[in-house]
Amino acid sequence: MADVPAPCPPGALHELSVPEAGALLRQGELTSVELTRHALDRIARFDPALNSFVLVTEDAALERAAAADRDLRAGIDRGPMHGIPYALKDIIDVEGVPTTNASWLCVDHVVDADSTIESRLRAGGAVGLGKLTTFEFAVGGPSFDLPVLPARNPWSDEHVPSGSSSGSGAAVAAGLLRVTVGSDTSGSTRGPAFHCGAVGLKPTHGRVSGHGVQPLSQTLDAFGPLTWTVGDAAAALQVIAGADPGDPRTAGVPVPDYTAVLDRGVSGLRVASSPGWYAEDPATMPEIVTRIEQALGVLESHGATVDQVTLPPYDVFNACGRVIFAAEAFAIHEDELRRRPSAFGRYTYQRVMPGAGIAAADLMRAYDVRQGLTRRLDETVFDRYDVLITACGQTTAARWSDFPEDWPPPKLVNDMQTIPFSVSGHPALSLPLGFAANGLPIGLQIVGRAFDETTVFRVAAALEAELGQRHRRPPEPDPIGKGS
Amino acid sequence: MSDGTIAAIEAEFDVFTGRLDIEVPADTKDGVLRGYEGLRGMTALLRGVTDDGVALDG
């Protein structure tokens with residue numbers, strides 16, 4: 001149980017972690033309506049410059065907050081997200097509002113049922129604030145030919161927030177709210193978390209249901225929290241995790257109490273590191289290498305053992321993931337690519353259409369290699385170690401000028417090392433650990449055994465406590481109008 | 001398999017899209033072919049490794 005904090009000044013409620021806010025709610029020192037009004041006020045003031053929300057459901061949010069308060073007064077506690085505001089990437093269905101997928105193809109697509117993620121948060125007493133900006137179908141962006149403008153990076157007008165859960169990263173970093181849920185197919189949660197200085201978790205494949213979520217690549221897609229702190233992510237995963245009859249890919253693996261392990265420390269844990277993937281690559285910023293070394297030193301000083309390991313070649317993981325991604329994404333959109341090509345954004349079309357050229361034999365080859373790589377990763381790392389520490393991004397956020405108007409650059413994101421664990425399915429968390437010399441966030445990636453998010457959270461919480469700089473926020477955006 | 005020139009890659013890709021009855025708009029063709037060229041390199045790489053990623057000629 002988290003220590004009960006002192007009551008927080010009204011102007012800084014967004015700095016309360018989910019466990020802290022939850023404790024105050026249960027003490028009667030804070031109401032969910034206050035917390036929700038605070039978040040709505042910050043969205044109204046700052047989001048015109050950030051574009052992180054595509055829809056704010058203010059009235060529904062205040063009704064749910066009032067209901068959460070009534071429940072607590074009646075002694076009904078629905079869990080770690082009770083009374084806590086959150087928002088969802090706009091590929092995740094919420095009954096009665098559009099899931100636009102940031103696409104002209106879906107802009108009026110009001111859905112008639114909740115996704116499992118939304119229904120679990122609703123049942124958990126959490127307070128939905130609305131829908132968050134994404135790339136089109138979680139792949140086509142950053143683009144200016146879509147129904148919504150791309151989200152901005154709160155740390156810099158000149159840099160992108162990464163994607164595709166770009167609204168999630170921007171909103172959390174700017175302190176509009178603490179908890180969002182995104183999707184991650186090759187790094188779409190971990191990337192925006194890394195480049196916006198937030199925590200992003202891709203859970204084990206099968207840990208969180210994708211029922212009611214627009215798929216991008218069915219066997220690579222995973223769904224998880226993007227939040228300000230590790231404790232926030234643990235609380236959110238607690239609510240959304242678990243088997244779901246609506247998604248046959250989910251597994252019947254019990255969901256442990258993630259929030260109970262955060263202060264257990266790392267003594268006795270065995271940690272693998274893999275500098276071979278990034279440290280000698282000239283594309284990696286020296287500050288990132290140094291920060292990862294510092295983090296490994298912190299873990300050793302707290303009683304963990306750290307060994308270097310040699311992983312299967314990164315390029316093979318990357319090729320495997322890209323081929324599967326391309327073939328599956330094309331298959332999902334094939335019909336509309338044939339019938340209405342001009343309805344797609346230019347980036348989306350040019351990223352998805354090449355998958356038409358993947359032969360069945362090549363896709364099967366990629367699936368075979370995927371199995372082999374995953375087995376080798378388990379034998380090399382997870383049969384002997386509790387977690388793997390590696391780079392998440394190799395550089396700070398890309399510039400807007402890196403993205404030509406007419407055609408997308410060849411890589412989906414900026415030198416990320418996230419795709420290997422989308423291929424293998426292991427849980428992987430992007431942890432912010434300070435800033436590069438250019439003032440932009442940097443961090444690392446913590447990878448765990450399949451379905452062992454618990455140990456990933458333990459390690460992340462220990463590093464966050466020592467190196468996390470969670471007190472440092474970007475400058476508040478211009479509250480009057482759009483940024484440049 | 002084509003000889004890897006842009007014209008050959010385009011001809012190869014056109015076979016796939018022709019089978020699928022898909023016409024790629026002219027103003028996106030260059031970007032699509034660039035993406036397809038990258039994927040060809042990746043499929044070739046996967047054909048050149050064992051299932052667990054070891055190069056066959058290594």
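Which side chains meet in a salt bridge of 2.7 Å, N to O? Select A:R365 and B:D51, and you will find them paired there. A salt bridge here is a side-chain nitrogen of Lys or Arg within 4 Å of a carboxyl oxygen of Asp or Glu.

Before moving on, a few ground rules. This is a predicted model, in which local features need pLDDT of at least 70 and side-chain atom pairs count only at pLDDT 80 or more, while totals for chains, interfaces and linings use all residues. Residues are numbered from 1 along each chain as its sequence is written, chains are lettered from A and ligands numbered from 1 in the order in which they are written, and side-chain values use heavy atoms, leaving out hydrogens and water.

**Stop 1: the interface**

Show chain A and chain B together. Here 34 residues of chain A are in contact with 28 residues of chain B (contact means heavy atoms within 4.5 Å). The buried area is about 2,500 Å², with 68% given by carbon and sulfur atoms; this is the accessible area (1.4 Å probe) that two parts lose on being put together, summed over both. Now select A:R338, A:P354 and A:R365: in chain A they lose the most area to chain B, together 19% of what that side buries. Between the two chains, the count is three salt bridges.

**Stop 2: the helices of chain A**

Colour α9 (314–339), α10 (346–352) and α11 (360–382) of chain A, the elements that give two or more residues to the side touching chain B. Helices are DSSP runs (H or I, at least four residues), and strands are too (E, at least two), numbered from the N terminus. The largest share, twelve residues, comes from α9(A).

**Stop 3**

Chain B has two helices and zero strands, and its C-alpha trace spans about 40 × 20 × 15 Å along its principal axes. Of its 58 residues, 34% count as buried, where buried means under 20% relative accessible area, exposed over 50% and partly exposed in between (1.4 Å probe, protein chains only).

**Stop 4: A:Q394**

Bring chain A back and select A:Q394, in the loop between β9 (387–390) and α12 (419–424) of chain A. Is A:Q394 buried or exposed? A:Q394 is buried, because its relative accessible area is 4%. Its side chain makes polar contacts with the side chains of A:D281 at 3.1 Å and A:T284 at 2.8 Å. A polar contact is a pair of N or O atoms within 3.5 Å; within protein, one must be able to donate a hydrogen and the other to accept it, and residues adjacent in sequence count only if both atoms are side-chain atoms.
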